[in-house]
Amino acid sequence: MSKELIRLSKCSMAFDGEYVLKDIDLYFKDKEFLTLLGPSGCGKTTTLRIIGGFLKPISGDVYFDGVRINDVPPHKRAVNTIFQKYALFPHLNVFENIAFGLKLQRQNGKKISKTEISERVLEMLDIVSLKGFEKRDVTLLSGGQQQRVAIARALVNRPKVLLLDEPLGALDMRLRKDMQNELKRIQQATGITFIYVTHDQEEALAMSDTIVVMENGEIQQIGTPEDIYNEPKNAFVADFIGESNILDGIMHQDGVVEIFGRKFSCLDGGFAKLEPVDVVIRPEDIDIVDSSAGMLRGTVTSITFRGVLYDIIVDFHGFKWLIQTTELYPVGADIGINIDPDGIHIMKKSSFSGMFGDYSSFSDEYENISDAEFEFEPMEDVERTEDRG
Amino acid sequence: MKPNYFSIPYVGWMALFVVTPIVMVFVFALTTPTGEFTLRNFSDMGLFLPVFIRSFRLAFLATVVCIVLGYPVAYLLARETTRVQRILFMLIMLPLWMNFLLRTYAWMSILENTGLLNQLLSFLSLPTVRIINTETAVVIGMVYNFLPFMILPIYSVIVKIDKNLIEAAHDLGANTFSVFRKLIAPLSIPGILSGVTMVFVPAVSAFVITQLLGGGMVFLLGDLIEMQFLGTAHNPNVGSAISIVMMLIVIVFVIVMNKFGSGEEKAVGL
């Protein structure tokens, strides 16, 4: 993790007068795995396309290694992209697809020799575990294999930066996990800066050195996965990354916050006296105790079994909390809860305050999530192991 | 398969007006004017070799000109916005809405020795040209009439090329020219092939164009066949044999084209 490689300075972008990026300031360090994370329409893909050279920001500057590159076309940038739908060339076989960029390269006005091209392509095929596939027709490969050809095709050019636009979006769950590990491994092995765009927070947490959370064309938070999860800056980040109960609180003094009329101790400070704040409590940070012993008392209203644990919804004064527990409490049970000071995170009020955090509609939300996964057509991926030998 | 009663009128029509004439052509070709079986109609075919060669040469020429003119049009058309595309399409199709004879007569008055073209040339004090009644005039007529059939298939293939592929090629270091040479050109081959078929086949058998613009000086297969049936030579048996030979050559040509093209078709997902 060393010097700065790319910088976006006050970059804005608009389509038909509608702003999709607003004065973005962002820099990317050499050799890092950075993820642009956010829901669809947040501006993450636009940011990526500006770096790739496919879009010109309407204002602001893009620097690469200190040089302004606003007007440099994509084919002259030391950046390669992996597209969401792979975009493999259907008229070329696996070898020719990967060699495409190399055949166009000139070193001191000279083409790269055939033997070098062949060596580098074969080496790349080895890295992406597609040895022996060079003569294959790309249109007949499975989704995962096509994805790996796309990765090889980009990496073989030895770019300084690899841009990845939701590259695992079309793969099924298991293959996604495999490819996440694979991508991380390749990134560490090659030392190439990866700029990764996704809307999948788990993917972002698992792979990144740095996460940039975006929404409404603005950067909401930049930090390590741990920072983003543990110390979300505002209600949007808290809600988007993992499950969160987000409540209104009042800060009494450093380390003391009032929720539902009760004072809780916490670890945060630096707020004005009696400043209204947003309080984030992660469902796994809540301990369930006897109803008489708890700091707050509530009633269980619904239970969802999720394998390792139960998601239970508990009603406290009309506000529904999500709590994760390994023990089963029946619907209607009165329970008490305790929260350790390090489980309470205080955030400044923001434009997102009050929009998230109440689980009244949890079951709806839960259905939406599972529906969304159904809509997602996982690409068939039959790994034909016998072909590998 | 379920019998489809709706197809009966069509099958009937085909049997009556397509299959019957073909059978008749075969019968004519294999008989003498008095009705006896013979193969002479075919063995004498060598006489007409120059006409065959000229027909295929001019049809080939017209096809090449159509590719050279049509490809850039199709390429540029595919890059326009939908609105512009619609307008340009209408302009390309517009001549087809006019009667074929009328269009060709119009070309006559353009290409005549005292026609529009030469009037324009002499107005600009340039030497006039003699085009009418030459092979050039016939090729111009063919190109004019068949050009839309080259543009449309090429256009429809190019417009279907995934924009992501073009971006990917740029991303991998290809400038606009390389993108064209390494991506768009190879992917548009199926369109060119079907355009070639659609231009070459009617061009080979063209005959009205040759009479109006070639003035009888450019004698092609179509004229030869017509002459055998309606003209002075009057020998429907020989005319049928010529038709069959021409048809076979065209069929072989189309089969070869399709063989050639089948490898490319999956490439654009047709």
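The chat below goes through parts of a predicted model, chain by chain.

Student: What kind of model is this, and how are things numbered?
Tutor: It is a predicted model, where local features need pLDDT of at least 70, side-chain atom pairs count only at pLDDT 80 or more, and totals for chains, interfaces and linings use all residues. Residues are numbered from 1 along each chain as its sequence is written, while chains are lettered from A and ligands numbered from 1 in the order in which they are written.

Student: Ok, chain B. How many helices and strands?
Tutor: Chain B has 13 helices and zero strands. Helices (H or I, at least four residues) and strands (E, at least two) are DSSP runs, numbered from the N terminus.

Student: What size of box do its C-alpha atoms fill?
Tutor: Along the principal axes, the C-alpha atoms of chain B fill a box of roughly 75 × 70 × 35 Å.

Student: And how much of chain B is buried?
Tutor: Of the 270 residues in chain B, 33% are buried. A residue is buried if 20 or more other C-beta atoms lie within 10 Å of its own, exposed if 12 or fewer, and partly exposed in between, with C-beta atoms placed from the backbone.

Student: How do α5(B) and α7(B) cross?
Tutor: The axes of α5 (residues 100–111) and α7 (residues 135–158) of chain B come within 11 Å and cross at roughly 140 degrees. Axes are lines fitted to C-alpha atoms, for helices over the stretch in contact, and angles run from 0 to 180 degrees between N-to-C directions.

Student: What's that angle called?
Tutor: That angle makes α5(B) oblique to α7(B). Angles under 35 degrees count as roughly parallel, over 145 as roughly antiparallel, 65 to 115 as roughly perpendicular and the rest as oblique.

Student: Which residues meet there?
Tutor: From α5(B), Phe100(B), Arg103(B), Thr104(B), Trp107(B) and Leu111(B) meet Ala137(B), Ile140(B), Gly141(B), Tyr144(B) and Asn145(B) of α7(B). By class, the residues of this contact are six nonpolar, three polar and one charged. Ala, Val, Leu, Ile, Met, Phe, Trp, Tyr, Cys and Pro count as nonpolar, Asp, Glu, Lys and Arg as charged, and the others, Gly among them, as polar.

Student: Where does chain B touch chain A?
Tutor: 18 residues of chain B are in contact with 19 residues of chain A; two residues are in contact if their C-beta atoms, placed from the backbone, lie within 7 Å. On the chain B side, α8 (163–171) and α9 (176–187) are the elements that give two or more residues. The largest share, six residues, comes from α8(B).

Student: Switching to chain A. What are its domains?
Tutor: Chain A has domain 1 (4–228) and domain 2 (244–375), with bounds from an automatic or database domain assignment. Their centres, taken over C-alpha atoms, are separated by 38 Å.

Student: Why is Leu5(A) counted as buried?
Tutor: Because Leu5(A) has 21 other C-beta atoms within 10 Å. Leu5(A) is in strand β1 (residues 4–15).

Student: What about Thr193(A), how far is that from Leu5(A)?
Tutor: Their C-alpha atoms are separated by 8.8 Å, although Leu5(A) and Thr193(A) are 188 residues apart along the chain.

Student: Is Asp16(A) buried or exposed?
Tutor: Asp16(A) counts as exposed, with 4 C-beta neighbours inside 10 Å. Asp16(A) is in the loop between β1 and β2 (18–29) of chain A, and its phi is near 50 degrees, a positive value in a residue other than glycine.
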